[in-house]
Amino acid sequence: MIQKEHNLTDWVNTYTAELFKWALYKVTNEELAKDLVQDTFVAATEKVKDFKGDSSPKTWLFSILNHKIIDVYRKNAKKPIAVEPKTFSDFFDENGDWFVNKRPQSWDDSDGHLLNDAEFNAVLKACLETLPEKWKTCIKFKYYFNKNTDEICQEMEITPTNLWQIMHRAKLNLRDCIDTNWFQN
């Protein structure tokens with residue numbers, strides 16, 4: 001037992017910075033990221049006797065952290081929506097045609113790879129934060145955690161049709177926000 005306690009101390013010293021960096025990337029809130037890392041080590045302390053060494057300590061700790069992050073998203077997604085989201089009528093007229101000022105901007109080659117642009121990523125992150133919590137969680141599960149439809153539906157306790165609707169509306173809102181805050185600046 002003494003050896004396991006010593007290993008846990010080594011793990012804290014060795015992996016805290018990497019765990020924090022990952023948590024901050026996933027939740028974009030420094031205090032929450034710190035709390036998640038702390039919760040990860042608390043859980044690891046409680047479960048260290050069950051750690052069989054089938055994976056590396058780093059892999060085991062990251063697995064615990066990822067579950068903690070998912071729990072945060074799941075908890076936040078169950079909160080009521082407090083904003084009025086965009087709907088189809090905000091983008092399309094009664095004939096289903098795009099409103100002129102809401103058409104997608106053309107992304108020509110001069111834009112390069114926008115996801116490699118720090119300023120664009122800041123705008124994208126800010127736009128993502130404007131989404132209702134449930135929508136943001138679905139987007140993050142899909143694109144940050146690479147979860148498939150079945151996994152997202154199970155985590156969020158929604159149907160595939162509801163997920164499709166959430167994703168579609170979230171993408172419309174993100175596109176509108178990015179158009180406004182990136183392309184028209």
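**Salt bridges in a predicted model**

Reader: Which residue does Lys34 meet in a salt bridge?

Author: Lys34 pairs with Glu30, side chain to side chain, at 3.7 Å from N to O. A salt bridge here is a side-chain nitrogen of Lys or Arg within 4 Å of a carboxyl oxygen of Asp or Glu. This is a predicted model, where local features need pLDDT of at least 70, side-chain atom pairs count only at pLDDT 80 or more, and totals for chains, interfaces and linings use all residues. Residues are numbered from 1 along each chain as its sequence is written, and side-chain values use heavy atoms, leaving out hydrogens and water.

Reader: Ok, and where do Lys34 and Glu30 lie?

Author: Both are in helix H2 (residues 30-47), four residues apart, about one turn of the helix. Helices are DSSP runs of H or I with at least four residues, numbered from the N terminus.

Reader: How many salt bridges are there in the whole structure?

Author: Nine.

Reader: New one: what does Arg74 pair with?

Author: Glu155, at 2.0 Å from N to O. That pair links distant parts of the chain, with Arg74 in helix H3 (residues 57-77) and Glu155 in helix H6 (residues 149-156), 81 residues apart.

Reader: Is Glu155 buried or exposed?

Author: Buried, at 18% relative accessible area. Buried means under 20%, exposed over 50%, and partly exposed in between, using a 1.4 Å probe and protein chains only. Arg74 is partly exposed at 25%.

Reader: And which residue does Glu129 bridge to?

Author: Lys140, with the closest N and O atoms 3.7 Å apart. Glu129 is in helix H4 (residues 118-129) and Lys140 in helix H5 (residues 133-143), so the bridge ties together parts eleven residues apart in sequence. Shared partners join Glu129, Glu133, Lys136 and Lys140 into one network of salt bridges.

Notes: Helix = DSSP H or I, 4+ residues; strand = E, 2+ residues; numbered from the N terminus.
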